[in-house]
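This report describes one protein chain for a reader new to structures. Please keep the sequence and the model in view while reading.

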Amino acid sequence: MARALSKRERNLLAALALGAGIWMWYSWGSGDAPAVAAKKEAEKAKSALVMGKVPLVHMELLDKAETNYDSHGRDLFKYSTRPPSVAEVRRMKAELAAAQKAAALAAEAQRKAAEEAAQRAAAAAIEAKLHPPPPPKPQPPPVTFRYIGFVGPPKDRVAAFDLNNETFVAKAGEVVRKDYRIDEIRYESVLISFVNPEFKGQTRELPLSRGK
């Protein structure tokens with residue numbers, strides 16, 4: 001089956017036929033000069049069909065000013081960062097995996113430590129509930145008066161005390177203010193014990209007060 005001619009091929013055949021007709025007409029009627037002219041016209045038509053439209057050159061663009069080189073602009077000869085090699089990629093993956101594993105181990109250790117602390121706190125709470133600590137030991141009453149001096153010989157001294165600008169005296173062995181016993185009157189201090197048997201054996205040393 002014959003192939004159909006394209007538009008370009010049909011135009012080319014028509015141009016060739018036209019050129020051939022013109023050449024024959026000039027050859028038969030006017031000698032060699034017309035034949036040569038017809039041949040040139042045919043070749044020109046053929047070239048126009050083959051080459052297509054001649055491109056238009058914009059000569060006005062050639063008159064534009066030149067662009068100065070910018071040393072701080074983009075460097076066409078500067079290459080981008082080299083991509084990592086296969087060995088470097090493997091190393092980075094291994095480092096990332098190791099870091100993720102270390103983070104997971106640290107998180108697990110922290111979780112276990114928190115669980116153990118919670119368990120210890122719960123056990124301590126249960127122990128405190130089952131075996132509460134004994135109540136705090138009672139403390140003797142504080143000594144609120146001051147020792148301001150004494151009179152008499154060493155074996156028969158009389159100590160003087162002050163409480164809110166009220167002065168009272170006592171000898172060794174006497175009870176003052178219902179709760180305190182004067183055990184020993186010294187030159188620079190007084191040794192005091194407590195009347196309540198709950199505080200038996202506990203004493204306080206009251207120094208000599210030199211102020212007002």
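## Elements and basis

Helices (H or I, at least four residues) and strands (E, at least two) are DSSP runs, numbered from the N terminus. The protein has 3 helices and 7 strands. Read from the N terminus, the order of these elements is α-α-α-β-β-β-β-β-β-β.

The model is predicted: local features need pLDDT of at least 70 and side-chain atom pairs count only at pLDDT 80 or more, while totals for chains, interfaces and linings use all residues. Residues are numbered from 1 along each chain as its sequence is written, and side-chain values use heavy atoms, with hydrogens and water left out.

## Surface and contacts

A residue is called buried under 20% relative accessible area, exposed over 50%, and partly exposed in between (1.4 Å probe, protein chains only). Of the 212 residues in the protein, 14% are buried. The protein exposes about 18000 Å², and carbon and sulfur atoms supply 60% of this area. Accessible areas come from the Shrake-Rupley method with a 1.4 Å probe; for residues, only the protein chains shown count as cover.

Contact means heavy atoms within 4.5 Å. Among contacts in the protein with a separation of 6 or more, 33% join residues 24 or more positions apart.

## The nonpolar core

A nonpolar core is a set of buried Ala, Val, Leu, Ile, Met, Phe, Trp, Tyr and Cys residues joined through side-chain atoms within 4.5 Å. The largest one has 16 residues, and those with the most contacts inside it include Phe 145, Phe 161, Val 176 and Ile 192. At least two residues of this core come from each of β2 (158-163), β3 (166-170), β5 (180-185) and β6 (189-194).

Leaving aside neighbours within four places in sequence, Phe 145 has contacts that include Phe 161, Phe 168, Val 176, Arg 177 and Ile 192.

## Aromatic rings

Rings of Phe, Tyr and Trp (its six-membered ring) pair if their centres lie within 6.5 Å; planes under 30 degrees apart count as stacked, over 60 as edge-to-face and the rest as tilted. The whole structure holds 8 aromatic pairs. One of them is the edge-to-face pair of Phe 145 and Phe 168, at 5.6 Å centre to centre with 80 degrees between the planes. This pair links distant parts of the chain, 23 residues apart: Phe 145 is in the loop between α3 (86-130) and β1 (146-151), and Phe 168 is in strand β3. Both residues, Phe 145 and Phe 168, are buried.

Phe 168 also forms a stacked pair with Phe 161, at 5.5 Å centre to centre and 25 degrees between the planes. Ring pairs join Phe 145, Tyr 147, Phe 161, Phe 168, Tyr 180, Phe 194 and Phe 199 into a cluster.

A charge sits over a ring if NZ of Lys or CZ of Arg is within 6 Å of the ring centre and within 35 degrees of the ring normal. Arg 177 has its charged end over the ring of Phe 168, 4.6 Å from the centre. Arg 157 lies over the face of Phe 150, at 4.4 Å from the ring centre.

Two strands pair if DSSP finds at least two bridges between them. β2 and β3 pair in the antiparallel sense over 5 bridges, and Ala 160 stands opposite Val 169 in β3. The two strands β2 and β3 form a hairpin with 2 residues between them.

Most residues other than glycine have a negative phi. Asn 164, in the turn of the hairpin, has a positive phi of about 55 degrees. Asn 164 counts as exposed because its relative accessibility is 71%. Arg 177 also has a positive phi, near 55 degrees, and is placed in the loop between β4 (175-176) and β5. Arg 177 has 34% relative accessibility, so it counts as partly exposed.
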